[in-house]
Amino acid sequence: MPMPPECVQEARDSSRGSRGSTRRRQQGGSTGAGENNSAAALARKGQEPSSSSTLDASSQAKTPELVPAAVGARPEVAGQGGRGAGVAESTAPPAAAPAPVGSHPTTAPRQVGPGAALTAAACPPRQGCGHSGEVFLMEMLAAMDQHMHQLRETQQGLVATVELACRRALDCHFGRLVLVGSAALRVETPGSDVDVVCFTRRDGPETVGLPADVLRRVHWSLKELISHYADCPSTFSMELIDDARVPILRVLWGPPEHAVAVDVSVDQHRPLDHVRWFQRVGAAPRPTEPPPVVAPLVTLTLRCVKWWLKQRQIPRTKEGGLPTMAWLLMAVHVCSLPETHKEAMVSGQRPMAALLASLAVFFRYYQSLERLDGVLQFAADGTSSEFRRRSERKCPGTGPASTSPWAELAVLDPTREGLESLNLIPRLPPATQLLLAHELHRAHEFIQSVPRGQEETFGEGRRTLEEAFRPLPEGTNALPSFIVSQAVGCLVMCGEAAPGTGVQQLELALIESVTPRPGWTASFLLRGDERSEVVVRLLDLEERTGRCYFKRSQLVSLCPANFVCRVCLEKDGRSWRLAAEGLDKYRSMRQCIGDLLVRRQKLQLQASASAAAAAAAAAAAAAATAKCPEEKASKGEAAGAGSTIPPGLTNVTNLPSPSRSTRI
């Protein structure tokens with residue numbers, strides 16, 4: 001395992017009461033020292049030697065260590081000179097504003113993290129540099145690697161501070177702090193949170209309490225620890241979410257828009273089981289093994305899919321979307337398919353070409369709602385997986401659900417078997433399904449159009465992939481829980497696309513007001529929420545020009561479950577004008593609804609055929625049952641013709657011969 005960052009080692013030394021080694025390291029100089037290393041300094045200064053914070057050798061071994069991010073293509077593999085897409089080794093203080101991940105260095109810089117300098121080892125787009133799409137993927141991974149490397153010391157210092165607070169809050173009940181999530185899987189991307197689980201000891205006479213109670217104690221301990229340092233509270237904040245199914249303490253360092261975050265949960269075994277499962281099947285490196293020179297194809301695919309989720313603002317679990325773990329499992333399944341192996345083998349020794357082929361298979365495999373309608377299940381040992389679509393089932397059923405064109409996606413947790421089998425996917429309302437279908441189909445169209453061989457014009461592949469990963473503004477696919485002053489345009493589902501089908505129509509609307517359900521305090525509403533109220537005014541759209549006009553109907557009251565996404569509406573005199581991005585979404589989603597209506601007709605025909613087959617089978621069974629007594633009766637009569645047994649005794653038991661009572 002790689003050596004832990006200096007701040008963690010210094011925290012260990014100071015917790016044992018040893019200051020000499022710390023001073024020697026400070027005299028020798030620490031890499032990346034700057035304002036953003038205050039979290040590491042806090043971890044060093046806060047661990048004063050005391051009986052409650054003294055660590056023995058066994059407890060030190062359990063301290064979580066953040067490992068470097070998953071490496072991308074190395075120069076010797078990608079065929080490029082200079083530094084490849086591995087973790088950067090820059091020692092400059094992270095003070096400059098970084099460039100967007102995956103962009104060309106000439107792009108105007110923007111903030112991605114708390115003051116981190118992000119400089120991609122990009123290859124200029126000139127002839128002879130290779131396939132421009134492959135170069136784009138290499139630069140994107142290199143930029144992510146360097147970004148995460150520059151944040152690593154700050155993240156490590158924040159984790160060390162959280163661990164100190166856990167030890168002080170729990171004392172002898174503290175067990176260990178374990179790294180889970182994307183950082184443990186080596187698939188983290190810029191903006192990823194660091195997830196840790198605090199495991200407690202429950203073998204003593206005193207009770208530790210519920211997870212929410214433990215987090216309150218840790219929250220108080222962190223607050224007390226921070227209060228001793230005047231320069232820290234301004235950049236340090238916490239958010240305790242104790243009313244969720246899994247309580248979380250969110251610890252943030254830095255400005256709110258670019259904060260480094262650590263999410264702490266208590267005694268949660270499932271995240272640790274997921275990490276171990278990914279390591280067992282080879283989708284993530286084991287902690288006992290050295291980092292690979294080149295990340296496996298499956299790891300790079302997982303990372304790119306996760307980056308696509310962030311760039312396109314795909315709804316997350318807390319917003320009512322798919323869990324990230326479900327997306328990763330779906331990607332692992334695709335990477336194990338024979339067609340993925342075949343296309344990757346065609347790419348030969350070009351790893352970025354193999355990655356491009358793997359991404360193309362992923363988005364092709366899930367490009368429509370029909371392809372999302374099924375159950376994904378892994379074998380108990382993780383050696384195989386199967387995605388059974390509804391169209392492939394032998395008995396699709398005859399009930400109302402069998403004719404619904406909407407997807408019923410299920411991803412079974414591979415760490416749970418038998419009666420403990422668990423579906424990771426929540427119920428997805430049709431509006432959310434429509435958004436997912438649009439984004440998956442959009443990515444499929446762009447990545448599929450990337451030329452695999454020689455480019456007609458150099459840069460064509462890069463431009464196509466840049467469009468596929470083009471970021472959307474923050475909050476585009478989130479429904480705000482309040483409207484301040486500016487009107488918000490959106491796409492909603494209401495009414496019926498065709499009478500009697502049950503498939504709702506896509507409408508363009510302007511949000512007038514939002515009323516959250518009682519007790520809801522978040523800045524957004526859950527996509528499956530049916531209790532909050534959203535009042536909208538519907539608009540008629542001229543698809544040719546993008547002009548919008550209010551319909552004559554009154555205001556319509558909907559719920560967040562009807563919300564698809566936000567769109568940009570610009571005032572144009574007495575009317576409105578829909579921006580090009582929103583117009584493309586509107587047309588694409590309308591086409592998707594048309595496909596749903598066609599699919600519903602097919603499902604109805606299949607259900608009718610299944611019902612007819614079931615009726616025929618039932619009639620045949622009834623006829624066989626009616627014929628059976630007649631056959632039995634005829635057999636009984638035939639047997640009775642040559643027998644002395646009375647016809648009424650059809651069930652005769654052979655009795656033993658009676659003993660003689662008298663001698664004749």
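1. In this predicted model, His333 touches Tyr365, Tyr366, Leu376, Phe378, Ser385, Glu386 and Phe387, when residues up to four places away in sequence are not counted. His333 itself is found in helix 11, which covers residues 324-335. One of the listed neighbours, Ser385, also takes part in a polar contact, in which the side chain of His333 and the side chain of Ser385 come to 2.6 Å. Is His333 buried or exposed? It counts as buried, because its relative accessibility is 2%, and the cut-off for that word is under 20%.

2. A second residue to look at is Leu141, which lies in helix 6, a helix that runs over residues 132-170. Leu141 counts as buried because its relative accessibility is 0%.

3. The next point concerns a pair of helices. Two packed helices are described by the angle between their axes and by the distance between those axes. For helix 13 (residues 351-365) and helix 14 (residues 430-448), the angle is about 145 degrees and the axes are 8 Å apart. The crossing in which helix 13 passes helix 14 is left-handed.

4. Which residues of helix 13 and helix 14 meet? From helix 13 they are Leu356, Leu359, Ala360, Phe363 and Arg364, and from helix 14 they are Leu440, Ala443, His444, Ile447 and Gln448. Sorted by class, this contact of helix 13 with helix 14 has seven nonpolar residues, two polar ones and one charged one.

5. The model also holds an open sheet of five strands, which stand in the order 1-2-5-4-3 and whose pairing is mixed. Strand 1 (174-180) and strand 3 (236-241) are the edge strands, since each of them pairs on one side only. On average, and with direction ignored, neighbouring strands of this sheet are turned by 20 degrees against each other.

6. Within the sheet, strand 1 pairs with strand 2 (residues 194-200) in the antiparallel sense, and this pairing extends over six bridges. As one example that can be located in the structure, the bridge partner of Val180 in strand 2 is Asp195.

7. Finally, helix 8 (residues 211-226) packs on the sheet, where it touches strand 3, strand 4 (248-253) and strand 5 (260-266). The direction of helix 8 makes about 165 degrees with that of strand 3.

Key. Residues numbered from 1 in each chain as written. Predicted model: local features only at pLDDT ≥ 70, side-chain atom pairs only at ≥ 80, totals over all residues. Heavy atoms only, no water. Axes fitted to C-alpha atoms, helices over the stretch in contact; angles between N-to-C directions. Helix = DSSP H or I, 4+ residues; strand = E, 2+ residues; numbered from the N terminus. Left-handed = near helix turned anticlockwise from the far one by under 90°. Contact = heavy atoms within 4.5 Å. Nonpolar A, V, L, I, M, F, W, Y, C, P; charged D, E, K, R; others polar. Pairing = 2+ DSSP bridges. Buried < 20%, exposed > 50% of the residue type's maximum accessible area, 1.4 Å probe, protein only. Polar contact = N/O pair within 3.5 Å; in protein donor to acceptor, adjacent residues only side chain to side chain.
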